[in-house]
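Reader: I have a structure on screen. Show me how to read its features.

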Amino acid sequence: MDLLNTLVEKGLRRELPTREEALAVLATSDDDLLDVVAAAGKVRRHWFGRRVKLNYLVNLKSGLCPEDCSYCSQRLGSKAEILKYTWLKPDEASQAAAAGVAGGAKRVCLVASGRGPTDRDVDRVAQTIAAVKEQNEGVEVCACLGLLSDGQAERLRGAGADAYNHNLNTSEATYADITKTHTYADRVDTVQKAHAAGLSACSGLIAGMGERDEDLVDVVFSLRELDPDSVPVNFLIPFEGTPLAKEWNLTPQRCLRILAMARFVCPDIEVRIAGGREVHLRSMQPLALNIANSIFLGDYLTSEGQAGKDDLAMIADAGFEVEGTDQVTLPEHRVDAAAAADAAGCGSHGGGGCGPCGSAEPTAEPAAEAGTDANEARTDLVAVRRRGAGTDLAPNA
């Protein structure tokens, strides 16, 4: 297929595809699916070999969020029967993180619900970062605390944070249909603050919220422009008790197309299969490893994931290897660019202008191919987390 050959060539050169090419990937037929995966796999292996980076989530504070993000089980007004607890103590968070590291995780993601941290919260998280790093030599720590105020990203970096996650989630055009208590511009601002402070920026999307193909392409192109080091691709987990509980728009095949489109647009960036892979990819998860080079190990913030030992077996059986702490995730040119920008005092990749790396309710319009891509509701696969952080039970890692 000429389209796929063109996309592979562009990916190896770090050249941005056209919007028409990205849309064409999402429009490919199931008959062409393995060809799409194989093409994206060539780009993935060129930049990342056969390594899979493992990340582990620790939910520092669960539920009771004042924001109204329609997809979230922790949102204002959520009736989802999730765990609710206030801040974990630093030693509790460190113990939870250690379980993930013991299971093979290279990065620990410290997450807290809420609009954004107070300065006191930043102090609390700084203590937690210190505890995690003291107990786990060589581990990367990513913070995800919501919208950042001026100076907070610098304080987190000074405390030892390596990265900051804040997802764009959906396109700018449809953002107000999903969230009304903050704006798309607020999210962009926080990613730029993380960049400018020298933190490795992590920002991604959520697919399956009723968006059009054009919205998926828009948000991935916007992410490429923001130049994060990592792009998590989440697939909506339709929690009962949230406004999007009835949105079952994804099939394994569509998930693979979305991942492939993200890989072609972001060829040398870490593409991570994030929340919802077990729910929507199901038995096709190993095939997705040919496109993405990163996954979360074990459970998510409020839902259960695949057993950690099964994650490791899946990686090995698919012919991949877990990335070690002695291995660098990103390609050399990205690492060099980050170091140069940091030395110049303008942040990880500059955020503010150092140049890119390599040149509520669902929306009214249904997802493209809704008639063929509509997925059956597999509510049996949505299990609320009842173990690990915030409980007396051992974590899944």
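Predicted model: local features only at pLDDT ≥ 70, side-chain atom pairs only at ≥ 80, totals over all residues.

Reader: Start with the helices. At what angle do the axes of H2 and H10 cross?

Author: Look at the two axes and their directions. Helix H2 covers residues 19-26 and helix H10 covers residues 252-265. Their axes come within 8 Å and cross at roughly 155°. Angles over 145 degrees count as roughly antiparallel. Therefore H2 is roughly antiparallel to H10.

Reader: Is that crossing left-handed or right-handed?

Author: Right-handed, for H2 and H10.

Reader: Which residues make the contact?

Author: On the H2 side, Ala22, Val25 and Leu26. On the H10 side, Arg254, Arg257, Ile258, Ala260, Met261, Phe264 and Val265. Sort them by type next. Eight residues of this H2 and H10 contact are nonpolar, two are charged and none is polar.

Reader: Now the charges. How many salt bridges does the structure hold?

Author: It holds 28 salt bridges. A pair counts when a side-chain nitrogen of Lys or Arg lies within 4 Å of a carboxyl oxygen of Asp or Glu. Take Lys193 as a case. It forms a salt bridge with Asp150, with the closest N and O atoms 3.4 Å apart.

Reader: What other salt bridge does Lys193 make, with Asp189?

Author: One with an N to O distance of 2.4 Å. Asp189 and Lys193 are both in helix H8, four residues apart. That spacing is about one turn of the helix.

Reader: Why does Lys193 count as buried?

Author: Accessibility is a matter of cut-offs. Buried means under 20% relative accessible area, and exposed means over 50%. Lys193 has 18% relative accessibility, so it counts as buried. Its partners read otherwise. Asp150 has 68%, so it counts as exposed. Asp189 has 32%, so it counts as partly exposed.

Reader: Give me another pair. How far apart are N and O in the salt bridge of Asp380 and Arg378?

Author: That distance is 2.8 Å. Apply the cut-offs again. Asp380 is exposed because its relative accessible area is 55%. Arg378 is partly exposed because its value is 23%.

Reader: Which residues are linked in a network of salt bridges?

Author: One such network links Lys53, Arg107, Glu140, Glu270 and Arg272.

Reader: On to the buried side chains. What does Gln285 touch?

Author: Begin with the location. Gln285 lies in helix H12, residues 285-288. Its relative accessible area is 6%, so it is buried. Then list the neighbours, leaving out residues up to four places away in sequence. Gln285 touches Arg277, Glu278, Gln306 and Met314. A C-alpha distance gives another view. Gln285 and Pro252 are 33 residues apart along the chain, and their C-alpha atoms are separated by 8.4 Å.

Reader: And Ser94: buried or exposed?

Author: Buried, because its relative accessibility is 2%. Ser94 is placed in helix H4, residues 90-102.

Note on methods:
Residues numbered from 1 in each chain as written. Heavy atoms only, no water. Axes fitted to C-alpha atoms, helices over the stretch in contact; angles between N-to-C directions. Helix = DSSP H or I, 4+ residues; strand = E, 2+ residues; numbered from the N terminus. Parallel < 35°, antiparallel > 145°, perpendicular 65-115°, else oblique. Left-handed = near helix turned anticlockwise from the far one by under 90°. Contact = heavy atoms within 4.5 Å. Nonpolar A, V, L, I, M, F, W, Y, C, P; charged D, E, K, R; others polar. Buried < 20%, exposed > 50% of the residue type's maximum accessible area, 1.4 Å probe, protein only.
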